[in-house]
Amino acid sequence: MSSGGLELPPGDSGHEGGPADAPGGVPGAAAAGAALLAQPADGEVRAGAELDWSADAWSEVRTRAQRAGRAYIWLNLIEQRLRSVVGAVLRPVYEPVHGGDDWVVAAAGPAGQEWVQRAVAVREVSRRKGYLLDPADDNVLSFLTLPQLRELMVQHWPCFEPYFDDRREIELALDELEVTRNVVSRNRALSRPVLEQAERASARLLEVLGAGSGSPSADRLPIDAVEDLVGDRYADVISVHPDRVRLQRQLPAEDLFGGARRLDAIGIGLNLLVQNFSGRRLVRLSEAGCRVRLLFLNPASSAVKRRERELGLRKGELSRSVEMNILHVRRVRAGLTDPSRFDIHVFDETPRFTAYLVEGQSSGIAVVQSYLRRARGMEAPVLVLRGGGRGVPKDADHGLFQTYREEFESVWEDSRPVS
């Protein structure tokens, strides 16, 4: 059983700390990753009888590869950033005296002589075999691993101290990454909690090392390394959740709406906003300059009655709920010094989706749900979209955020204001 709770394919245990002297005297005859040979009841061994992997085994392999690939992107970013930082700080100190690549050997000192000489040897082999595809990598520093770069940083901390405030925070983040690095480098199973821990540590470390995308509070969902690399494969969809409960675990209402400069919402009752974001917070948000436009389904329309029948609700139950939500936001608007920036409208069309389009100073986030015939809004699948601003995929002009923005504007034009 892997740390992710999945059944692993049977195989050779010699690489994973299993018994080295298995029956038959063959060391490591039962390690993970290689299929066991069949053992018939009569004791006769027939080679290759169970070499094929089952569907479960292939599923485990794909899960391993997906998690390891995501972790590798983060580890690669950290290593490249740390290499850049070490070179920028230590090269001016050692290169004028030692010159060339010898400055790395000098910086490593007697304590690091063994691993730096090993890096020199690996570079020479790479040169001879043509593995150096980029001339910029033809230096000893490019062949140092993450632990070695960390060692250089720790040994020469007085040189780095003027640029980084908290040495302890950097070391703790690197400690957390070492577990993931060890697992990925040996192609072992990486559990989801360890992967998530590595992603958090990596994002924090890049922020400390000055390679992040700004303060975490600047964006409700900071762009991570994987989205930055492959986000344009999925237009501007950055996450999908099976229901709203799971959405709110990752993206609470405070994180979604807090700090917004523009908030447009359309739906039947807008429960995600009205029931999960307090009236006081909505007042403060509007007073801070947020432009709010809310579109409710008209509680007196025939569409509400049809929706009640679809969901099996008692007559008038849904319309009363929508009326209560509208009354709530009317009270919020009445308490504002400038009610003109807080608009409430109703529409009479068949509701097709609910959407919350939230735009901040640098980027936007949208939460979108389609209405299913027999499922309440809380139970419907949720799409989270990245809006305009820094870091948005190249084809964002044709993404879903803009599609739902245009749909909102179209319905808004045909809607009626609530007095």
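A: This is a predicted model. A place to begin is strand S2, residues 262-267, where five of the six residues are buried.

Q: What makes S2 and strand S3 a pair, and in which direction do they run?
A: Two strands pair if there are at least two bridges between them. S2 and S3 are joined by six bridges, and they run parallel; therefore they count as paired. One of the bridges links Ile266 to its partner Leu295 in S3.

Q: How do you know that S2 also pairs with S5?
A: The cut-off is again at least two bridges. Between S2 and S5 there are five, and the two strands run antiparallel. Asp264, for example, has Leu357 in S5 as its bridge partner.

Q: What joins S5 to strand S6?
A: Seven bridges join S5, residues 353-359, to S6, and these strands run antiparallel. At least two are needed, so S5 and S6 are paired. Phe353 is bridged to Ser370 in S6.

Q: Why is S6 called mostly covered?
A: Strand S6 spans residues 363-370, and seven of its eight residues are buried. Buried here means under 20% relative accessible area.

Q: Why is Ser301 called buried?
A: Its relative accessibility is 6%. The limit for buried is under 20%, so Ser301 counts as buried. Ser301 lies in the loop between strand S3 (291-297) and helix H13 (302-311).

Q: How far apart are Ser301 and Val346 in sequence and in space?
A: They are 45 residues apart in sequence, while their C-alpha atoms are 9.8 Å apart.

Q: Why does Thr180 count as buried?
A: Thr180 has a relative accessible area of 1%. Because that value is under 20%, Thr180 is buried. Thr180 belongs to helix H6, residues 167-185.

Q: Which residues does Thr180 touch, leaving out those up to four places away in sequence?
A: Thr180 touches Ala71, Leu75, Leu190, Val194 and Ala198. A contact requires heavy atoms within 4.5 Å.

Q: What makes a group of residues a nonpolar core?
A: The members are buried nonpolar residues joined through side-chain atoms within 4.5 Å. The largest such core has 54 residues, and Phe257, Leu294, Phe296 and Phe342 touch the most other members. A second, separate core has 41 residues, including Leu82, Trp103, Ile170 and Leu190. In soluble globular proteins, nonpolar side chains tend to be buried together.

Q: What makes a space a cavity, and how many cavities of 30 Å³ or more are there?
A: In a cavity a 1.4 Å probe fits but cannot get out. Among the residues lining the largest cavity are Ile266, Phe353, Glu407 and Val411. By class, that lining has five nonpolar residues, one polar and three charged.

Q: What is known about the second largest pocket?
A: A pocket, in contrast to a cavity, is an open set of points. The second largest pocket has a volume of about 450 Å³ and is lined by 20 residues. Nearest its centre lie Asn271, Leu318, Arg376, Gly377 and Met378.

Q: Which element supplies the largest share of that pocket's lining?
A: Helix H14 does, with four residues. H13, H14 (317-334) and S5 each supply at least two residues. The lining comprises nine nonpolar, seven polar and four charged residues.

Methods
Residues numbered from 1 in each chain as written. Predicted model: local features only at pLDDT ≥ 70, side-chain atom pairs only at ≥ 80, totals over all residues. Heavy atoms only, no water. Buried < 20%, exposed > 50% of the residue type's maximum accessible area, 1.4 Å probe, protein only. 1 Å grid on protein atoms, 1.4 Å probe; cavity = no way out; pocket = protein on both sides within 12 Å on 5 of 7 lines; lining within 4 Å. Points joined across faces, edges and corners; volume = space filled by probe spheres on them. Nonpolar A, V, L, I, M, F, W, Y, C, P; charged D, E, K, R; others polar.
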